Amino acid sequence: MADVVNMILSGLVVGSVYALVGLGYNVVYGATRVFNLAQGDFLMLGMMLALGLYGTAALPFPVALVLVLVIVGAVGAVQQLVAVRPLGRAQGALGWVLTTLAFGIILRGIAEIVWGTEPLRFPDLLPTAPSFIAGVRLVPQEIAIVALTLAVAAALDRFYRGTMTGKALRAMAQDPDAAALRGVPVARMNLLAFGLGAAVAALGGIMIAPVSFAYVYVGTLYTFKGFIAVAIGGIGDNRGAILGGLSLGLVEVIGAQVAGAGYRNAIALVFLLVVLLAFPRGLFGTAQVRQV
Amino acid sequence: MHRILAHLPVALSLLALAVLLALPAFANRYYLYLVEIVLTFGCAALGLNLLTGHARLLSAGQAGVLAASAYTVTILMTQFGWSFWTAAPAGIAMAGAIGLLLGVPSLRLSQFYLAMVTLGFAIVVEDLLLEWAGLTGGFSGIWGIPAPVLFDQRLRGVWLYYFVLVVTLAVLWMTWNIGRSRWGRSFRLIGESDVAASSLGLSPFRIRLYAFLACSLFAGAGGVLYPFVAGSVSPFVFNLQVALSLILAVVLGGMGTVIGPLIGAAILFVLPELMQGFRSVATIVTWSVFVALLIVAPMGIAGAFGLWRARRLAAAAPVAPPVPPPPAPVLHTGARAAAVAPAAGPVLEVAGAVKHFGGVRAVDGVDLSVAEGAIHVVIGPNGSGKTTLLNLITGFYPADAGRFALVGQPVDGLAAHAIARAGLVRTFQTPRFASGLTAMENVGLGGQVFARSSMLAATLSLPTARADEARLAARARDLIAFAGLWDVRDRPAGALPHGQLRLMEIARALMLEPRVLLLDEPAAGLSPAEIDHIEALLRAVRAEGVTILLVEHNMRLVMRVAERLTVLDRGQVIADGLPAAVRSDPSVIRAYLGTDEAAA
């Protein structure tokens, strides 16, 4: 029994990180209709910068945290400026698919030079040693990951519903031209969306690093898994991203238990393909009407 | 200068071919190996070009597909004792199966789904090659693969080089054939507007699937060559980095060009050999250049060369005598209408159509009955639901309620492309087309529903495919003359002014031999002269027996062509009848001009 609970718990922990990456996708996509393929590498960048500032430079954690989020957010905004904004409209979706993918690879290349190509040990934030209650394995750091993911989702919800900036971001997605006419500073809002999306992903990186390793090659995997979270949940739907991330985490952990750890990514891919076949709009999402 | 330019591409190609053929005479084994690697991955790049360059979709799994084919061939030959000539088709079939497996679930959705699914596949291939070590040899891969035997000659050394060259040339020829066939043109259309494809009776999903299938099969061809070129297969030569290099090769070489992907592959698979030791820096520089390239010069090397040549040719060209248009083309525009018995009742009937967007009742219980052979006009103030109604009839929006019938046959619930095939063909307020194709090629897109030859026939340029092409071209020629676009027929559609694009869309819609032609505000934004042109065209179409349903704002045009008038306001029909009667209807005047009570 405890084994089953432990399995579910570890699925939820992994799934929370996928959900955070998914939330990052939604922040960008919800405002700009761009699906940022560098999202996993922002997670990686957050991880590595936290290692540098908190681990190597030994700054107090809150200071390091704020610095990392600001830096990664700024890099996200830079991405919008140099790799998305200058694209001609004629390029269509292929343009940003290619340039955001390329931007992630460039980040990885820079990270390789700075941090090398080996997985690095990350210092503990909260205790990472498990304590057992009736056989159930509890790790404070892991519990914090789940709690933080839910907190970020709640905060985003308040931001989108409760603030003018949040509403402006949503309005922009509907029709950028109309939003601009209503006085929404579309250019600045684009930067904000990319920055915020990158920062959300970075947060995931900081949280997961103590229970895994800080490694410059984790980005692609999270880019893919975060996508599965939102594709299952319905793209643009934050509640869906959480549910999608958690269910992916569960499927992966249970599947790996049954088939073997080496099949983990294969199981995730099959899960995605099956869901797309049966529910093209996601399990929890709402259908969108196409514009003609 | 002009003469030289005109023959430059052929001359350069022949020169390159001569160098490649002569290479074994002066290059050592290492250089031959480099060229073989370039050609092997070049096959995959040529395939990827169909997907990325033409259909503007992205696959990050092209190297993974190549790996699947390479491993299939290797395993069948080394562990099951198959000969090369039976293992090779199996490898290519494996590539095709993967194409279907990844394509079917993802290609109904937005473009980036395929990019993400293939990215996942690239990750999973590496995992599985390690996991299935019993079959794949795990980390160390498989060595000692027997060389293929052709006519008692073992294909190794120079013989292997020529074999790889021949296969690559065949792939080049086949991708070129696809690119210039109706398949290639439909790839280009969905690359810019899958909505336009639907309106022409073409299923965007099917076209995308064909593009991805072709892309995967050519990667399979590269995979068949790889084990013999490299002498082994191992999991790490097919990683994501290689897939990304293939994308780079296509973009750098020139998306949508014939030879560009090979040029790109030559650069990208030779450069790293020279830059080993600077891997990270090389990555950063390469991909920064890539982003810059996409922004500044998305046409790539071969594309830039083509543009430069076209510009110089145009400047240097002696003025050619204009070719007269075909004499009074026989259109048979309404051939299908004539072939079936004239409708006893209305040709198009809408009953109780409803469409709500959130709280907005865009169309709120509309009945409409269109008589055969008439020009039926729907007017109404802005936001009255005209365009939404048209979108409901043609299946671009699913209706919340209502019945739609073409000559008594229900068409509601059908996909947009199926409705177009049934004979309800529309145009768009903002023209949607393939900007890189000429006006005539765009018009020809409308006739693809009648083409029967397969993509395989087009790939091999078989007589059936060529006959289809000739038929399409002949009919497009007639219709482009009919629409008055003869003089601009060979111009890229992207360079045409708005008014001519409208005419082009009408001609394109007529290619489908519609029962009813539905036009969405064809006069919007046009000059009076252009509107006169549209009016003449509508009358000519009507004379051919095609029924016209016209949604229009321009009252001058409406009153001149309308034989029957329906007025919408706030999603409901407020008047319906002969134009003269409707015009004096008080409720219509109220809707357009407003009254005191409306103002209050």
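This is a predicted model: local features need pLDDT of at least 70, side-chain atom pairs count only at pLDDT 80 or more; totals for chains, interfaces and linings use all residues.

Q: Which sense does β5(B) take with β6(B), and over how many bridges?
A: Antiparallel, over eight bridges; β5 covers residues 348-357 of chain B and β6 covers 360-370. One pair facing each other there is V354(B) and D364(B).

Q: How many residues lie between β5(B) and β6(B) in the hairpin?
A: Two residues, and G358(B) in that turn has a positive phi of about 60 degrees.

Q: Switching to the six-stranded sheet: what's the strand order?
A: In chain B the order is β10-β11-β12-β7-β13-β14, in an open sheet with mixed pairing. The edges are β10 (424-426) and β14 (572-577), each pairing on one side only. On average, neighbouring strands of this sheet are turned by 20 degrees against each other, direction ignored.

Q: And β11(B) with β12(B), parallel or antiparallel?
A: Parallel, over five bridges, with β11 at residues 516-520 and β12 at 547-551 of chain B. L519(B) has L550(B) as its bridge partner in β12(B).

Q: Which strands does α16(B) lie across?
A: Helix α16 (residues 386-393) of chain B lies across β7, β10, β11, β12 and β13 of chain B, and runs at about 145 degrees to β11(B).

Q: What about α22(B), which strands does that one lie across?
A: Helix α22, residues 528-543 of chain B, lies across β7, β11 and β12 of that chain, at about 150 degrees to β12(B).

Q: Now helix on helix. At what angle do α2(B) and α10(B) pack?
A: About 170 degrees, with the axes 6 Å apart; α2 is residues 29-54 and α10 is residues 204-230 of chain B. Angles over 145 degrees count as roughly antiparallel, so α2(B) and α10(B) are roughly antiparallel to each other.

Q: Which residues meet there?
A: From α2(B), the contact includes Y33(B), I37(B), F41(B) and L48(B), and from α10(B) it includes F212(B), F218(B), L225(B) and Y226(B). The residues of this α2(B)-α10(B) contact divide into 18 nonpolar, three polar and one charged.

Definitions and conventions
Residues are numbered from 1 along each chain as its sequence is written. Chains are lettered from A and ligands numbered from 1 in the order in which they are written. Side-chain values use heavy atoms; hydrogens and water are left out. Axes are lines fitted to C-alpha atoms, for helices over the stretch in contact, and angles run from 0 to 180 degrees between N-to-C directions. Helices (H or I, at least four residues) and strands (E, at least two) are DSSP runs, numbered from the N terminus. Angles under 35 degrees count as roughly parallel, over 145 as roughly antiparallel, 65 to 115 as roughly perpendicular and the rest as oblique. Contact means heavy atoms within 4.5 Å. Ala, Val, Leu, Ile, Met, Phe, Trp, Tyr, Cys and Pro count as nonpolar, Asp, Glu, Lys and Arg as charged, and the others, Gly among them, as polar. Two strands pair if DSSP finds at least two bridges between them.
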